[in-house]
Amino acid sequence: MNYERLVLNMKKCTVVGGGAMGRQIALNTAIHGYEVAVCESFPAALTSLESWKEEYLSGRVAKGRMTQEQVDAVKACFAVAENIQAAVSDADLVIEAVVERLRTGEFCAVLIEGIQGVAGIHCPENSFLQQ
């Protein structure tokens, strides 16, 4: 895989997992001007993701770090999806950022494996360690 070419030609990214890591990856992707869809299957996480995005971006405006026009542009690039097949269907890059203990990594890898021209990155969310 030619990653330099991928980055230069990338238009849309999908982040599978809207937890702490996935939402940060997705928002930073949108801040840098790329279309991004965050795929999250848990209803409570979807609600949390939307409210976090609004709170975070309004905080950037309040602190003078972003203008309202920049925030509007980021919001236009940032989408939330519940259906993983639809979210990855037109993505140039898929980043998996799901909680490792859910064992969804294997599922995500199999799901995106057959999509032509899609690169995948696995980012396990190891914010906890099981002892």
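In this predicted model, Glu54, Leu57 and Val61 of helix H3 meet Gln68, Val71, Val74 and Lys75 of helix H4, where contact means heavy atoms within 4.5 Å. The residues of this contact between H3 and H4 divide into 4 nonpolar, 1 polar and 2 charged; in this grouping Ala, Val, Leu, Ile, Met, Phe, Trp, Tyr, Cys and Pro count as nonpolar, Asp, Glu, Lys and Arg as charged, and the others, Gly among them, as polar. Two packed helices are described by the angle between their axes and the distance between the axes. For H3 (residues 43–62) and H4 (residues 68–77), the axes come within 9 Å and cross at roughly 155°, and the two helices are therefore roughly antiparallel to each other. Axes here are lines fitted to C-alpha atoms, for helices over the stretch in contact, with angles that run from 0 to 180 degrees between N-to-C directions. Angles under 35 degrees count as roughly parallel, over 145 as roughly antiparallel, 65 to 115 as roughly perpendicular, and the rest as oblique. The crossing of H3 and H4 is right-handed, a term used if the near helix is turned clockwise from the far one by less than a right angle, whereas anticlockwise gives left-handed.

Because the model is predicted, local features need pLDDT of at least 70 and side-chain atom pairs count only at pLDDT 80 or more, while totals for chains, interfaces and linings use all residues. Residues are numbered from 1 along each chain as its sequence is written, and side-chain values use heavy atoms, with hydrogens and water left out.

Helix H3 also packs against helix H2 (residues 20–31), and the axes of H2 and H3 come within 11 Å and cross at roughly 45°. These two helices are therefore oblique to each other, and H2 passes H3 in a right-handed crossing. On the H2 side the contact is made by Arg23, Gln24 and Leu27, and on the H3 side by Ala45, Ser48, Leu49, Trp52, Lys53, Tyr56 and Leu57. The residues of the contact of H2 with H3 divide into 6 nonpolar, 2 polar and 2 charged.

The helices belong to a protein chain with 6 helices and 5 strands, where helices (H or I, at least four residues) and strands (E, at least two) are DSSP runs, numbered from the N terminus. From the N terminus on, the order of these elements is α-β-α-β-α-α-β-α-β-α-β. Buried residues make up 37% of the 131 residues in the chain, where buried means under 20% relative accessible area, exposed over 50%, and partly exposed in between (1.4 Å probe, protein chains only). Among the contacts in the chain with a separation of 6 or more, 72% come from residues 24 or more positions apart.

Two of the strands can be followed in detail. Strand S1 (residues 12–16) and strand S2 run parallel and are joined by 5 bridges, and two strands pair if DSSP finds at least two bridges between them. Within this pair, Cys13 stands opposite Val36 in S2. Strand S1 is mostly covered, with 5 of its 5 residues buried: Lys12, Thr14 and Val16 point one way from S1, while Cys13 and Val15 point the other way. In strand S2 (residues 35–39), 4 of the 5 residues are buried, so S2 is largely enclosed by the rest of the structure.

Thr29 lies in H2 and counts as buried at 12% relative accessibility. Leaving aside its neighbours within four places in sequence, Thr29 is in contact with Cys13, Tyr34 and Val36.

Tyr56 is found in helix H3, Val99 in the loop between strand S4 (93–96) and helix H6 (105–113), and Asn83 in the loop between strand S3 (78–81) and helix H5 (84–89). Their relative accessible areas are 26% for Tyr56, 25% for Val99 and 40% for Asn83.

| Pair | Separation in sequence | C-alpha to C-alpha distance |
|---|---|---|
| Tyr56 and Leu27 | 29 residues | 9.6 Å |
| Val99 and Met21 | 78 residues | 9.4 Å |
| Asn83 and Glu40 | 43 residues | 8.0 Å |
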